[in-house]
Each structure stands twice: as C-alpha cells, then as structure tokens.
Amino acid sequence: MSNGSETQKAAKRKGKDKMKSDIKGFQIRKLTADTDCSMTLPGEDKLEKQTNEDKTDDQDLERKMKKEQKAKLKEEKKLKAAQKAEAAKLQAQKSSDGSKKSERKQRKKDIEEENPEDFIDPATPDGQKKKLSCQMAKQYNPNAVEKSWYSWWEASNFFVADASSSKPPFVIVLPPPNVTGALHIGHGLTAAIQDTIIRWRRMSGYNVLWVPGMDHAGIATQNVRVSSHQPLFVAILDETKPLKQSLEWNVKQIYEVVVEKKLMRECKLTRHDIGRERFVSEVWKWKNEYGGTILNQERRLGASLDWSRECFTMDDARSKAVTEAFVKLYKEGLIYSFLWVLVPLMPGPILRDHRLVNWDCSLRTAISDIEVDHEEIKEETFRKVPGYEHEVQFGVLTSFAYPLEGGMGDIVVATTRVETMLGDTAIAVHSKDKRYSHLHGKSAVHPFNGRKLPIICDDILVDPEFGTGAVKITPAHDPNDFEVGKRHNLAFINIFTDEGKINSNGGADFEGMPRFAARVAVIEALKSKGLYRGAQKNEMKLGICSRSNDVVEPMIKPQWFVDCKSMGKLALDAVLSDNNKKIEIIPHQYEQEWKRQLWWGHRIPAWYVILEDDQLKDVGSYNDHWVVGRNEQEALIEANNLFSGKKFEIVQDPDVLDTWFSSGLFPLSVLGWPDVTPDFKAFYPTSLLETGHDILFFWVARMVMLGMQLGGDVPFRKVYLHPMIRDAHGQKMSKSKGNVIDPLEVINGISLEGLHKRLEASNLDRSELENAKMDQAKDFQNGIPECGADALRFALVSYTAQSDKINLDVLRVIGYRQWCNKLWNAIRFAMMKLGDDYVPPQKLDVKSMPPVCQWILSVLNNAVARTITSFESYKFSDATTAVYSWWQFQLCDVFIEAIKPFFTDSKYESAKEASRHTLWICLDTGLRLLHPFMPFVTEELWQRLPLEEGSSRKESIMISEYPSFIEAWSNEKIENDMDIVNGAVRKLRSLRPQSDKNERYPAFALCRGPDITNIMRTYDFEIVTLASVSSLKVITENDMAPPGCAIDVVDENLSVYLQLQGTLDPEAEREKLRKRREDTQKYFPPFPFFISSTLFMFRVLAFSLSNLLLFASPIPNGSGRKHDLLSQEMNSSGYKEKAPLSIQEEQMKKLTAYLEELKIIDQAEQDLERRIHQQMK
C-alpha cells in the first residue's frame, strides 16, 4: 500500500513540475499515476524505478479495495430497501426539497447576473435624506448604515423643541462635558441612556428638549504641572454638624495638560509669564479651534440634541447668570466666612475663609476628594514621586521627643510625615491618661524655632493605647489636626509653598527645601539634637492624585463660601420629605446619601478696596475691605458707601469661581435665567437629570440648592444615577493604567497597534506603558473590530442593571453588532417575500389569521407593554431584554422560520397572504420599538419597508409614533399553546444526533390528556417545520411506544420521541434523562415533601390541597437537590396561615406537576433500559 501511495505522490509532484516546465517552454505530456512522462525531471528516475517494481502489488491491493467498496455499497442498498415505507411518507418533503433545489439554482443564476453597484448606497449630499441602494447589501455594515442619517435629522430640525407647543414638555440638560476633553466610555454611557429616553419621549408625543453644552473646565484647560493658585468656591451647610449631615461642596478636578502645556512646549512660557489677559485669549482661541470635537463625537453616537440651543459655561449668557447669581446670593446674606491664619479663630461673617484642601504640588492646584486615590501601604515602601530624582520612603512611623518647658524632661510623639513638625502648634493627650496628667496646661518647646507648644487634652482625637499616647498637632496640614485646631483655638501655620517647598514659616535652616528632602533633613537635625527616637514600619493610607500621580498634601487656602444652611434644608426636604417630596432619585438608595482658584473661569464679582491710608497694600490684607457688584461701577458705588470721604482704589479679586458653580446654574442659565424667557417659562423645571452617582454632591446638590434659591423651584423632577464603568476585569478605568476605552474606537474599530499608539502618545512612564500594552494585548489580541454606534449604545444601556458599577466587556458589544446583522437579514428576507408590489393593509383581521400569526402579534404586544413599563420605571436593562428577546427568540427564531413553507407551496396561498401582512406589521412595529436604542439601523431598515396604501407616514422613524399596547392583539391561549409547541420543538431538536443535523427523522408526541393532544394536532405543521422532522404522530399512553427512539420529557403532560436510524447511544440518552430529573428535583424542599421513590410520588399526589402535612422518609444521602424559592416559601414559618389560599393552591399545583413529571421520567428511564436490552440481544 505504501509503494502505491508513493507512486501517487510522485505523480502529483510531476504534475506540479509540469506546470513549471510549461512556463519555461518544455512540452510534457499529461501525467497520471500509472503513466510515464516523455521527459522526466532531475531526481525522479529512482522513484519511477521503484514504482515500476511495485506496480503488480499495487494492482492486487486496488482490486481488494474495490471488492470491499462493493460490499459496502451492497450493505447501503439493504438499508435503503428497509426504508421504503418511510420514503413514501417523505414524498411531500422531497417535493418541497426539489422546489428548494430549484430555488437555489435560480438564486445562483440571479447572483451571477447581479450588478455589484446595486448594493452600494449612492453618495448623499450633507444634510439631505440618505439615498439608499437599489438592493440591500447582503451583510450589515455599520459604517455604511450610520453615515448620512444624522446630518439629515439635524438639518430637518427633528431635534428642535418648540417653546410654544401645546404638547407636554420633557426636558433633559446634558451634563456639560469639558471643552478640553474627548469622549470616553462614560460619556458614551450618558449619551446612550439620555438619547434612548429622549427618543422614546419624542416618539411618545412629548415636546422634547435636550440641551447640549460644554463646561470650561478650568484646570483641564490650563494645567501643566507648572502653575495654579488656590481653590476658591466652597459651600458648606453647617460646619458644626458631622460630614454626612453637611452638604459641603467639594470640587471635581480634571488634570489634563492642554493649553498651558502647549504654551510651554511651543513658547517655553507658563501662564504666569504671559499674564491673565493673554492666557485667557489663548484659551478662547484653543476652545474655538478644538472645542467642537467632543460635540461632533456626541453626533457620532447619535445623540439627538437640540443644537440650536447649544451653550458654553463661559459664553455671555452663562457669564451673566453666574455674576447675577453671585451678587444675588451676596445681597441675600448667603456669602460669608470665618478666618484663621497664624491667629486664633475669629467669629463673624466676613467674605473669605481659609480651609484645608487637597493640594497637588506638581500641578499647584487644589483637587477634590474624588480625584484622590488612597493607596494602601502595608510596610516600608519606596515609590517614585513627580519632581524627585530618587524614590521616597513611606510606611514608616518616626518617633522624636519635644523638650518640655522648665526642664521637666521631654514628651515623645510619632508621625509618618516628620517634616510637618515644622508647623506643629500643640501636643494632644487624653484627659484620662495618667502618664501625662502632670503635664496638663504645660507646654513643650519647639527645638528649631523656640515656639511654645501647649499640651492640650483632646479625647476625640487621642487614643491612649496607640503609640506613646501623645499626638503632635499640625492644624494647617492634617484634616484631624485641623478640627483639633478649631476646637482649641490653635494657630494654623502653613509651612509649604504651592510648589511643595518649605517656606519661611518652616525656619531658615529648611526654607526652600522640597518637602520630602526636608523630611530627611529634619530627621538629621533631630538626631543632632539628640531628640530622634527611632522609626518602625507602619501601615498607612497614602493619598495620590489620580491625574498627576503626586502625593497629595493637605494645605490651608483662602476661599469664598456660600451659606447653604437654609438652601440645604430646602434641598434635603425636596428629596426626603414625606409630605412635600419634589425630586425622586433613582436608584432610591441614593436618596439617603445626600474650589478652586483658576484663571480660566468666571472672575468673582468682588473688588478689594485699597485705602490711601492703609498700612498694608496687598490684596486681601484687610477682610473688611471687600465689596461685591455686578460690574466695576456697582463696586465703586458700594465702596463709596462703605468708605465715604476716603480716597481709595479698587482691584477685582484675581480668583475665579470653580466650574461647579457655573455648572450648578446650568438648568437655569441654559433656559435664559436671569431673564424670564419663553424657554424658561416653557421648560423650567426640567424633567430629568441623568448623570453618574459620583457627582451627586459635586453637581446635583448644587443645582438643587441654587435652582430652588434662584429659580423658585427644583431644577428637575427626577434624578437617574447611572453606574460607573470599569473595565472587563472590574478595575477602575484610569489613564495611568491605560485601560480607558474611547467609544469611537469601538464604533469605528481599531487595531492593536493603533491602541498601542494611543498609549504611547499619553503621559505614562515607561513601566506603566509596558504594563498597559501587555494588558491591551491580553484583552484585545486582534484589536477591536468595527461595532458601530448602535451596537455600542445597546450594550451600554443593557449594562445598567449592574448596580453601581459596570464591568464593560467589548465582546458583548461585538455580540450586539452581530445581532444587528440578524436584524438586517430579517428585513432582507421580508423584502424578498413581500415583493416589490406589496401594499400593507389598512386593517387587519387578526382572528382569521393562522395561529402562528396570532401568536407573534400577541407576544409583540407583550414586548411593547414590558418595554414601556421598563422605560417608565427607569429599568432600561429590562427594556433592552424585552426588545431583544422578541426580535431574537420569537420573531427570527420562530415566526420567520415557521412561515417560510407558506412561500414555497401554492396550497398555502391564504396563509401566505396573512403571513406577509403580519410580517410587515411586526417589522414596522418592532423597528419603532427598537429605535430609541439603535437609531441608525432602525431608520435605514424602516425606510425600506413598503408604505401603507394612502399612508401619511412620517418622514422619519424618529418622529413616528412609538408602539402602544393593542388589546385586540392579545391572545393568552395561543401564547400558552405556543409555549408548549416551542418546548416540544426544543426537545426534538436536542434529540437529533450532533453528527447528523441535516437528516429528517419521524417524531412522535406522547400526550397525556385531550387538551395537549389537541394542541399537538393543531400545531402539527409548525412543529414539523420548526423541529425539522419528517413527520409528527400523536400517540397516547395506551399506544405502544415506538421502537428505536430517543425520548425526552417536555412537561408532565407531554413527552417527545425521535425515531433515529441505527443504534441509540445509551449513555447519551441516560444523561439527558438524568439531567432532566435533576432539573425537576431542584424544585423540592427537604420538608415537607420528599421524593425517594415512585410509590412516594403517588402518596403525595393522593393528598388533597388541605392536607399539606409532614410525612415521608428522610432524603437519601447525596441526592444533591437544590431548594428553590418556591419550596422555601412553602416551608417558611406561618406560610399556611399567611399565604392566601389561591397562592397555596397555585403552588401546590406546580409541585404536583413536578411530581408527575418525575413519574414520567421514571417511566422513560425504564423504557430506555428495556430498548437498550433488546438492542443488545
């Protein structure tokens, strides 16, 4: 055999060489396995000689193979002869197959005659309605589908709201993204959710307004690790209350190196070098050039925003609103503060306050709590800090002694930030700590400057069991010490410059040193004075800026304050009041959880008055010299009233309001406030605020307080807080990790190389870059395929069921992109079956239609109802499930497959016509139902549907009517029947051998009772079609079980058999029944129901509903039965007394049905064993 094989291989090689030789001009005769060449190529003589020697053996072997082949053919003929009876039954099916072959042949011919140009959309001028190709493309292409539609929607003013409309208003203000930024996946989630809501409301008959805007985002626009001043606008509800009872306004910071980095790179200048006016001019230039990028990205996502009302938080109208708000709040006595710096706390309402902030020394600006990552340090750790050549030590507790006044010895304290001892102003002990009772009222002496440090008792801060029981107090550089300083009226000494260097307050020996260099110097100085007491490892939390990676330094900075005590009370009542609730927060758990100084922002309308006879001329030297006005003229009038008869000049405060203040006014300012415009009258208060739960206090609380105080009402009626997006592994998306996903990369697709290039353009250091690249290579081995906006939107909205976090897996988006192709093919099928001349009916006689048509309309009705209910309850994930399930599992998997035979046989003409009408209605309704989630593909497919006769259909699907529940379509009986039918179909499909999926076998339905028998006979055609069986015979318990069948149990009333050719696979059949038994047994509890034998089942079934008593033998060991909610509920304490009788009866019926099903499984297992035994004989 091997010699013959070598001969054939040699012949093949010669054939290949012949082709090469032809090219060179050689003429070689055609080569076969048993002929020689007229010319042999080099190296083949030996092989041909061996071939000739083995020729005789090969011929003998070939004869033997032919003989075996003949025997095999004879056996196959015998098998065919045994199947003649079945062949007659298959005749009809064969005819159908013949017509299918003809149809395939015709289709092949049509393909050969196709013009490729017919499948390509013609070019569409911008703003015009998209021109569609003559023929639908054979595959869904998101890029081709999603172009042109948006510009037409926008040009047609479909997004524009009418302030004079009589329709009920529905208004959302888009949380303004930063003008400096680009969309990240969080923006994609916001846009997807809000646009889904907006499109649904628009189609539901509302006068919809969705206002777009941009935030000036001061830090993001100006920062480059070189400059910034201090935080500014902080509002507190009541400083005397705990944090959870206080609505303290912190500021979200964004650290992106944009405009100032550009200045440094191109001109080697900082913003301080060029001055305020020129810097602001540069920022405006940058905004005008690049600021529209993010809004165009919103368009790419399909966001149907009213662009005619686009606004910017620093445009004239919004700036006017900010000024008016500040002045109004000031005149109403709501802007005030207290002051303490180097001096004890001074009460009284003045204009500015010094307060502790999170300070980033490399960016030189304050950051909010939301921008601080807390890193757990378990032991001594060295880490890189921006601006330092060498790594810095953390996780060490340093002990040192303070000499006591009067030579009384010393007192030892410990700290993880020993450099801050330069700003210590006290030492705290516990009042009941006997070790220090003799020191109460005494003082220690600072070893470097001689400052007296009073020893105070503070039982709130000090734990006498921790360390030495004595605590150094640095009020200006520690949050806990800050509170101690306020309680004990201590001095607040700032020892750092904005750059993080020691200032003059730290002493001449250390002045100018970077803070972590000073740490080492202070330890050496303590050692030289004999005060150093050692160091030990210490667990700690280290605050790290999430943007710059710098260690956060608590610093005290001056700020303006708004008194939110009265406003905060109104805001709290608006959400929590039982009697006067005005705002609903969704999810409801958030109802119980209720700064900065920048040049790029709104300048504070406050002026400092410098009197001619003032000794100190610096701005802010005297806190009673501030005046407030809408402009300089008003400020001059106020100054003259305050300092009548004195000579002075006024200087505007160089500080600016943080972006959260202007954003807090956004629902007011976008509608024209402070003017009472038509928009303000028609659309305020707005309907809904949709945003992330992380800015509930940063933004939402501000809007509520300012809206109620300035607008006279809450700014919105509902607040929906969406989850925060993380990567597929549950990690927070961070630029430092390189796991941030750009939605446009998902929409358009990107290679792995492209993802790497984006990382390389970021500010990641080398190690971070390599780690990020490795993670990308793991998650996106082949990059991200083009998914389109529709698939991304649908995936994001479907994720909203995931509590407060979303673990985004791009594979899910890819799955929905493939689903779009399923929709595409459904419409292609419909267009082929409807035909060019099809005209949809104006009315539909549902009752006269085939059952499958009645069923699909009924379940469509249910899908509509569930979707609308989910929308109204803000359960968007449930809405996606309702829509997806209908399209995928009911329309495509069942209905379309069930009606296909109607279009291939003339005897089904009546059913064919009804199916065409039903199909058109399903597609028209289904596309409108889906449109809010997937606007592009639904518009394209809807535009291809035939028009109704005399139709006045809307020009676009987005302004058509959203589907509503139609009572006449509901048919609960047919739905129940089809549930049984689909169950039977699934079981029959599962019985088919994996290796022979295309063969059709006879099927049998064993029915127990007349009702199920009637259903099986009524839906015989649908079952045969959907299960791909050759026939279906209905049998009863009195009939003999068909031989040679695989069996499965549908429920207690129905079992199905599939008559397979050849032998059964015993283990496979046993496994199916075993799994079915397990699935059924999980519904039974350990008490009071036990199923250990068939006899016991009959005993249970013999009991009436009123006798749910305990009896039976214990559960067999290792039964592994699970307890579901039903059984747990029936066994719960007081169930019989509390549960309504109707519920008890219903649940007993269910358990009885499960018992009957187990009985049937028992019988099926016995039948299987008997057939296996017969087969083995």
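## Exercises on a predicted model

Setting aside neighbours within four places in sequence, Glu-745 is in contact (heavy atoms within 4.5 Å) with Ile-750, Leu-755, Arg-758 and Ile-784. The model is predicted: local features need pLDDT of at least 70, side-chain atom pairs count only at pLDDT 80 or more, and totals for chains, interfaces and linings use all residues. Residues are numbered from 1 along each chain as its sequence is written, and side-chain values use heavy atoms, without hydrogens and water.

**Exercise 1.** Locate Glu-745, and state whether Glu-745 is buried or exposed.

*Solution.* Start with the element. Glu-745 lies in helix 23, residues 743–748. Helices (H or I, at least four residues) and strands (E, at least two) are DSSP runs, numbered from the N terminus. Next, take the relative accessible area: 9%. Buried means under 20%, exposed over 50%, partly exposed in between (1.4 Å probe, protein chains only). So Glu-745 is buried.

**Exercise 2.** Check the span of helix 30, residues 909–930.

*Solution.* The expected span is 1.5 Å times one less than the number of residues. Now look at cover: 18 of the 22 residues in helix 30 are buried.

**Exercise 3.** Work out the strand order of the open sheet that has three strands.

*Solution.* The order is 14-13-19, with antiparallel pairing. The edges are strand 14 (410–415) and strand 19 (532–537), each pairing on one side only. Two strands pair if DSSP finds at least two bridges between them. Strand 13 (residues 396–403) and strand 14 have six bridges. Within this pairing, Tyr-402 has Ile-411 in strand 14 as its bridge partner.
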